[in-house]
Amino acid sequence: MGKKRRLQKTLLAQLALRVGKFLLKSQLFTLLLALCALGFVVGKQVHPDPKAVPFEELFENLSVVSYRDSPSDSTARFVVELAARGRVFSQYDVDERRFEAPVRGHDYRRSISITRYPPLKVRGHVDRGFWLELPDSSTHALLPGQFDELYQTTLDFVKPLSVAAAVVGTLSGYSTGYRIGTWSSSLSNPKVQARVLAVPGIGRMIAREAWRRVLLEPVVMAQESDAGRFASVRRTQRIYTNFFRLALTDSNGFIAHEVARLDSAGCHREARTMRGFEQAVECAAGDTCDLSSTDFAAIENWANLLDRRGHWAYRSTPPRGEERMRYFGTLAWYGVAPSEPDERRIWVGRRFLVRYGDTEGFVADEIPLTRVGCPIAWRDWLRGDSPYLGTNAWTAQFMRESRQFAPVVQLGRGIAGRLRGKD
C-alpha cells in the first residue's frame, strides 16, 4: 500500500514538472504573468497608502435591517450590516452602539416584521431635468421615449460590457494582480476590517450613513411604467422631500404650529409622527446626539403615513371657506400642498440613477444636495472631480463598475494626448 502511494506521488511530481516546463516555454503564460504584474503595479499605484481607511467602500456596501423581537413590540430595532464583496463581515447595533458578529443561518427574531434596505449603488448622474407629459386616459403606460429618458435604460448595455471586462480581467491575470496589489487596503482583508472597526467614532459615522440610507428609501423611484402610478408616487415624494427640507430650515415655526393644529383637531397620531420626524432630522443635522432606532423609525412612520394617505391633513382639513383657502395657501407656500389628481405635467429634475438589488430606478437630487442627506459615496458624483467619473453617465457607470481598468484608461489617454501634442 505504501509503495503504491509513493508511486502515485512520483507520477504527480513528474506531471507537475512537465506542466511547469511547458508553461515556462509558453508565450501565453509569459503574457499572463506580464498582465498579472501590470495589475499588481496599477493596484499599488491606486492604493499607495496601506494604512488608508476605505470609507467609501465601507459606506457604499452597507445595508440596514429593521426588525421586531416580537409582534407586540411597538418600535423596531435597527442593525447596520457591513459587507465586502457581498459578504457581511460585521454588524452594528444602533441602540447598543457596538459591533457584533454577523448572524449566520436562520434568526427567528428577524423573520418577524423585517424590513431590509439594501445598498444603493449609483449607476450615473443626470444633470438635467425635463417635463414629463402624462398620457391621456386611453393609455396608462409611459411613452417609450419618456421611459428611457427617466431611467436611462440605454445604460443597461453597460452590464454585459462590465461582465465581459471582469471575465477578461480574471482570465488574463490582470484582475488577480490588481487584487494582490490592493489587498493591503481592500475591505476584503480581515486586517483592514479590524482596522476600520477600531477607528475612533466609526460607529457614529456608520449610524449616520445608515440613517441617510433609510431617509432616501421613500424617494427611490423604481422602473415604473404605469403613468398613473408614477404620478401618484411622485406627488407623495414631492411632499416628503419638501417637508424634509422644511424641517432643516423651519425659521417661521410652521411645523410647531401644524403639530399644535393637528393635536387640537384630534389627529394625535399624525401630530406625533410629524414631530418625531422633525426631531430625527434635527438630531441628524445638528450632529449633537447619537442616533437611535427611534430616529430611524421616525422616517419609516412618516413615510408610511404619507404613502397610505397621500397627505398628513387628510382628517384635519378645514371646512370650505376662507380658512380652508388660507390653509392650502400656506401649504402651497412651503411646497407641501396636496397635488391635483388630474395633473398633466410633472417636472422631473436632476437625479441619481441607482441600482438596489435587482431593481433599477432613480433618486431626485433634492435630498442628496443637502449635507445631512447625501451619502458619502455619492459626493464625488456631485463634485464631478473623481478620476473615474465623467460627465457622460454611460462612461461613468462603466468606469465605476470596472474601476480596476480606470488607471490603464487614464494612462492611455495621457499617452494619446502627448502623441497628439507632438503632431
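**Exercise 1. The cavity**

Find how many cavities of 30 Å³ or more the whole structure holds, and work out which residues line the largest cavity.

Solution. 
- Step 1. Search the whole structure. This is a predicted model. One cavity of 30 Å³ or more turns up.
- Step 2. Take the volume. The largest cavity comes to about 120 Å³.
- Step 3. List the lining. It consists of Phe59, Glu60, Leu62, Pro119, Leu120, Glu209, Arg212, Arg213, Leu216, Pro375, Ala377 and Trp378.
- Step 4. Assign elements. Helix 3 (55-60) and helix 8 (202-216) are the elements that give two or more residues to this lining. Helix 8 has the largest share, with four residues.
- Step 5. Sort by class. The lining of the largest cavity has eight nonpolar, no polar and four charged residues.

**Exercise 2. Helix 8 against helix 11**

Describe how helix 8 and helix 11 (residues 268-286) pack, and name the relation between them.

Solution. 
- Step 1. Recall what is needed. A packed pair of helices is described by the angle between the axes and the distance between the axes.
- Step 2. Read both values. The angle of helix 8 and helix 11 is about 140°, and their axes are 11 Å apart.
- Step 3. Apply the cut-offs. Angles over 145 degrees would count as roughly antiparallel, and 65 to 115 as roughly perpendicular. Helix 8 and helix 11 are therefore oblique to each other.
- Step 4. The crossing of helix 8 and helix 11 is left-handed.
- Step 5. Name the contacts. Helix 8 uses Arg208, Trp211 and Leu215, while helix 11 uses Phe277, Ala280, Val281, Cys283 and Ala284.
- Step 6. Sort by class. Seven residues of this contact are nonpolar, none polar and one charged.

**Exercise 3. Helix 8 against helix 12**

Solution. 
- Step 1. Read the values. The axes of helix 8 and helix 12 come within 9 Å and cross at roughly 10°.
- Step 2. Apply the cut-off. Angles under 35 degrees count as roughly parallel. So helix 8 and helix 12 are roughly parallel to each other.
- Step 3. Name the contacts. Ala207, Ala210, Trp211, Val214 and Leu215 of helix 8 meet Asp295, Phe296 and Ile299 of helix 12.
- Step 4. Sort by class. The contact of helix 8 with helix 12 has seven nonpolar, no polar and one charged residues.

**Exercise 4. Helix 9 against helix 12**

Classify the crossing of helix 9 (residues 227-248) and helix 12 (residues 293-309), then give its hand.

Solution. 
- Step 1. Read the values. The two axes come within 10 Å and cross at roughly 140°.
- Step 2. Classify. Helix 9 and helix 12 are therefore oblique to each other.
- Step 3. The crossing of helix 9 and helix 12 is right-handed.
- Step 4. Name the contacts. Helix 9 supplies Thr236, Ile239, Tyr240 and Phe243, and helix 12 supplies Ile299, Trp302, Ala303, Leu306 and Asp307.
- Step 5. Sort by class. This contact has seven nonpolar, one polar and one charged residues.

**Exercise 5. The second largest pocket**

Determine the volume of the second largest pocket, and which residues are closest to its centre.

Solution. 
- Step 1. Take the volume. The second largest pocket has about 430 Å³.
- Step 2. Go to the centre. Of the 20 lining residues, Glu217, Pro218, Val220, Ala303 and Asp307 are the closest to it.
- Step 3. Assign elements. Strand 5 (115-117), strand 8 (220-222), helix 9 and helix 12 each give at least two lining residues.
- Step 4. Sort by class. The lining of the second largest pocket has eleven nonpolar, four polar and five charged residues.
- Step 5. Link back. Ala303 and Asp307 of helix 12 also take part in the contact with helix 9.

Notes: Residues numbered from 1 in each chain as written. Predicted model: local features only at pLDDT ≥ 70, side-chain atom pairs only at ≥ 80, totals over all residues. Heavy atoms only, no water. Axes fitted to C-alpha atoms, helices over the stretch in contact; angles between N-to-C directions. Left-handed = near helix turned anticlockwise from the far one by under 90°. Contact = heavy atoms within 4.5 Å. Nonpolar A, V, L, I, M, F, W, Y, C, P; charged D, E, K, R; others polar. 1 Å grid on protein atoms, 1.4 Å probe; cavity = no way out; pocket = protein on both sides within 12 Å on 5 of 7 lines; lining within 4 Å. Points joined across faces, edges and corners; volume = space filled by probe spheres on them.
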